[in-house]
Structures are given as C-alpha cells and as structure tokens.
Amino acid sequence: MSLLRRTLLAATAGAALAPLPPFRTARASGQRTLDLTRRTIEVGGKPATRYRVVQPDGTWGLTLDQGDMFDVRLQNGLSVDTSVHWHGMTPPWKQDGVPYISAPPIAAGRSADFRFPAVPVGTRWMHSHFGLQEQNLLAAPLIVRERSAIESGHQEVVVMFEDFSWSSPDEIFADLRKPRPMAMMAANADAGAARGAMKMPDAEKAGKGDRDLNDVTYAAFLANDRTLADPQVFDVDKGAEVRLRLINGAASTNFMIELGSIEGTVLTVDGNPVAPVTVRRFPLAVAQRVDILVRMPADGSAVPVVARGEGRPLQAGVVLRPRGAAVSKIPITAAEAAPALTLGEEMKLRASQPLPARKIDRSVEVDLTGQMLGYVWGLSVNGMAGAPVTVGKGERVELVMRNTTMMSHPMHLHGHSFQVTEIDGKPLAGALRDVLLVTPGTTAKVVFDADNPGIWAYHCHNLYHLAAGMFTTVVYRDFT
C-alpha cells in the first residue's frame, strides 16, 4: 500500500473523503438512504476528488434480495444538481432518474424518494444521468440477489470497472468537439496505437472499413476505485466456487475480461440468465454486466481478474486470494493491447428465460449515425433524425439497429429488457439484455414487449456520444 493511500485512510477514515470500503451486503428493513457526496481516491500516487454513492454506514451502492421493495431516499449532498438512474431496473417511468424526462433533477442539498418493486433481479447498477457526471465516478453497484444465488451459498465478488482522467469531463468533451483539419484526422488515424484506433482484419472488414475504437485517452482504469498498483484483494476459500458480478461502469471504454489460467461459466448477462457458456475471456461493453462462476484452483493459488481496455494495453483488476496464497504483482500495462470487441461471443448466448413467442406488432428502423469529424452523433428513427420511437401498450416491438458509423455503440433502452434476435442476418434466440454493443457496419435486431408505459430514454451509453446527440426516447401512445 502506498504512503498516500495509508495517509488517506488514516486521516479520513469514516469521513466524506475516505476511500470506498469493499462492497458488502447489508440488508435492512424499511427505507434505505443513499448519499451523494465527494471522496478522495489515489491514482498514480496522487489524490483525486470525485463523487460517490454510499449508504450512511459507508456501504458502497446497494444490495437487495429477490422479493424486496426498492425503497430509497436519495440525498444530494453535492453542490450541484444531479440525478441517478437505476440502470437495468423497470420502475414506473417517473422514477427512472432521467432529468427533464422522468422528473426534474435533484437540487443541491435536496432529496428524492423512490419506491417500486425491486425487479428484475440480478446484477444492475446506478449512475448519474445528469450532464457528464458519470465520468466523475458518480456510479455504484445495484444488486438484487437472485433466490438461487442466495441458496447456492457461493461467495460473491462485485467489481465495477471505470475509466479515469485527470481532465474534467467538460474539458474532454470540448476537446472532442474541436475542429480538426482532415490532414490531422488522417494523421491521428495512422497513429492509432496512441488513440486506440485499430485496423480490422480483412475477414472482418467486409465493407465495414477501419474502426476507431476509442475517443478518449485515459490516465488509468479502475476496479472498485483502485488501480493495479494497489488492487483490491478478496479472500476466498481454496477450491471454492465464487460468483463474480462484473460491471462496466466506464464512461467511454469497452473492456475485455480476462480470467488468466482458469475457466469460468457465464451465468447471466445484464442480470438476465443465459444457458451456461465456458469462457477464459469475455467482452464487456460500456454499461454491460456479466456474472461468471469460477472455481478457485485446487493448489490454493491466487487468481487475478483483469479488464483490459479495448484496443489498449492499459488494464485494471482485482485478485481472488485463498488465505495464505502469494499475490504476484500485476502490471498496469499488459504486454499487448486488448482486441477489438466483436459480436462473436454475443452470438453464442441463449436466454434461459426467453420472451414468449409471438408475432411482431411494430418494427422500427433505427440508424446509428455520426462521425469523428465535428464529433456529431445521432439516431435516425424510420428515416427521421431525432424522432422518438412510438409504441402502443401491449405491442411486441422490434428495433432494427443499423450502425452506419466507424465506432461501436453500446445501445441502452431504459425501463425494459430486450432479446437479441438477429445479428447481420443470422437469426438467434439470443440473450435478454438492456445494453447491446452494435459494432461498425452491423445490423442487429432486438425485440421487447411494451409493458411499461411512459417516456423512456434510448441512447448510446458512450457518455460522449450521448452528449453529442446519440439519444432519443421510446414514447407510449395515450399513456397517463
């Protein structure tokens, strides 16, 4: 542990600036309170003050059990307006936490109450939906533990991966939108290793062109607020089965999860169960989640769980350590960059509890549009830029998402889960999700049942693409 981290722990233990404690389960009856405050973390040996979401006892985020009521008072202890979206949950639309759509933002020093059934169960999360606050780490895990998970007795390890910059989000966004001559854009593309651009292999290119994997060059990636200079170490039993609940809470970075020398079994994606799939690595796009069951080695050795940024060698992670096992140093920078995320693993997933079979009542074409030049992104619904998706209660709705850009877009629909039904013309009974990564040149179809009336945000979850216009709404007709 570094001198700076020891100093912070000693000087601010229990105070607003203390580093976040490990995630833990703390069931309580009645209303829970979540406080939005500031804290200081250590990155690269230097202190950084960012936001946090904690319960009054210091518990990071919130854990509930299947059958619980989501009954929360959200207290804004910040000096700015804010909001928090309960990502992956299906609340009444006015409690979704999207400012100016579901409700006004929460003013500094004020609070708001939220109460609805805690459904669906699984690995969810919470994050600001106000401006660019998510980049300042205003996010936390939100877990509704499945009855099966509780009864299994497996130890659970929750890890949230995030991207960190010393620049403010406003500075990052302003830099992205600066005019750049075409010659400079070409030079940047040729220097792709520095910016995260990557040429696609010929087999993948197939009319999709070259990909630009990243908009922002980050100083560090974090796992539960810590870099690999001082990773969080979880004590586990030798040979035990451990359920990893992994959350990509980054603002703008897709990750490749690496389990190293062991295999794991994918149990859920975005909190929803899938037919078991054995993996050593697994792609995790912005805002996606995956639960992986791993068995610790019989020899009692420690296991690192690492996330490498797409197209970059920079990585973050945690360590699972049987008591007494040695923990080897994990480099902050891997020997090589993580590969570009594809939909190969996505096409292997099958929902364990698929949507009931029925005809599609409404098919909506959604073009994902935009470009790096000028940094303008958008959604065109049935050929109309900026138009909402209109649906009727009770309809089975198909979204046909066509990515016309040279970047991937993690597309998120609020208030619903959708099932992936086709990728590039290949039908499948795919996973139930709330975020699907649509890669360049890809056409992906998803379906959902319009069973939650209201006005719902529908957008790219890359924070800067959203801010630059890749956002619309799903609007129910004649709702109250």
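**Aromatic pairs, a buried histidine and a central strand**

User: Let us start with Tyr 218. Is Tyr 218 buried or exposed?
Analyst: Tyr 218 is buried, with a relative accessible area of 7%. Please keep in mind that this is a predicted model.

User: Which residue forms an aromatic pair with Tyr 218?
Analyst: A search of the whole structure finds 11 aromatic pairs. Among them, Tyr 218 and Phe 221 form a tilted pair, with 6.4 Å from centre to centre and 50° between the planes.

User: Why those two values?
Analyst: A pair of aromatic rings is described by the distance of the centres and the angle of the planes.

User: And what about Phe 221, buried or exposed?
Analyst: Phe 221 is buried, at a relative accessible area of 1%. Its ring also pairs with that of Phe 255: the centres are 5.1 Å apart and the planes stand at 85°, so this pair is edge-to-face.

User: Where do Phe 221 and Phe 255 lie?
Analyst: Phe 221 is in strand E12 (residues 220–223), while Phe 255 is in strand E15 (residues 255–258). The pair therefore ties together parts that are 34 residues apart in sequence. Phe 255 is buried, as is Phe 221.

User: Which residues form an aromatic cluster?
Analyst: One aromatic cluster is formed by Phe 70, Trp 86, Phe 114 and Phe 116.

User: What lies over the face of Trp 166?
Analyst: Lys 46 does, at 4.3 Å from the ring centre.

User: New topic: His 87. Where is it found?
Analyst: His 87 belongs to strand E5 (residues 84–87). With 0% relative accessibility, His 87 counts as buried.

User: Which side chains make polar contacts with the side chain of His 87?
Analyst: The side chain of His 127 is joined to that of His 87 by a polar contact of 3.4 Å. The side chain of Arg 289 also makes a polar contact with the side chain of His 87, at 3.4 Å.

User: What else does His 87 touch?
Analyst: Leaving aside residues up to four places away in sequence, His 87 touches several residues, including Arg 124, Trp 125, His 412, Asp 434 and His 461.

User: Now the backbone. Which residues does a cis peptide bond join?
Analyst: A cis peptide bond joins Val 119 and Pro 120, with omega at about -10°. Pro 120 is placed in the loop between strand E6 (111–117) and strand E7 (122–128).

User: Why point that out?
Analyst: Most peptide bonds are trans, and most residues other than glycine have a negative phi.

User: Which residue has a positive phi although it is not a glycine?
Analyst: Asp 225 has a positive phi of about 75°, and Asp 270 has one of about 50°. Asp 225 is found in the loop between E12 and strand E13 (233–236), whereas Asp 270 lies in the loop between strand E16 (264–269) and strand E17 (272–279).

User: Are these two buried or exposed?
Analyst: Asp 225 counts as buried at 3% relative accessibility. Asp 270 is buried as well, with a relative accessible area of 0%.

User: Last topic: why is strand E14 described as largely enclosed?
Analyst: In strand E14 (residues 241–248), 7 of the 8 residues are buried, so the strand is largely enclosed by the rest of the structure.

User: Which strands pair with E14?
Analyst: Strand E9 (residues 155–164) pairs with E14 in the parallel sense over 7 bridges, and Val 159 stands opposite Leu 246 in E14. Strand E19 (residues 289–295) runs antiparallel to E14 and is joined to it by 7 bridges. There, Val 242 stands opposite Val 294 in E19.

Notes
Residues are numbered from 1 along each chain as its sequence is written. This is a predicted model: local features need pLDDT of at least 70, side-chain atom pairs count only at pLDDT 80 or more; totals for chains, interfaces and linings use all residues. Side-chain values use heavy atoms; hydrogens and water are left out. Rings of Phe, Tyr and Trp (its six-membered ring) pair if their centres lie within 6.5 Å; planes under 30 degrees apart count as stacked, over 60 as edge-to-face and the rest as tilted. Buried means under 20% relative accessible area, exposed over 50%, partly exposed in between (1.4 Å probe, protein chains only). Helices (H or I, at least four residues) and strands (E, at least two) are DSSP runs, numbered from the N terminus. A charge sits over a ring if NZ of Lys or CZ of Arg is within 6 Å of the ring centre and within 35 degrees of the ring normal. A polar contact is a pair of N or O atoms within 3.5 Å; within protein, one must be able to donate a hydrogen and the other to accept it, and residues adjacent in sequence count only if both atoms are side-chain atoms. Contact means heavy atoms within 4.5 Å. Two strands pair if DSSP finds at least two bridges between them.
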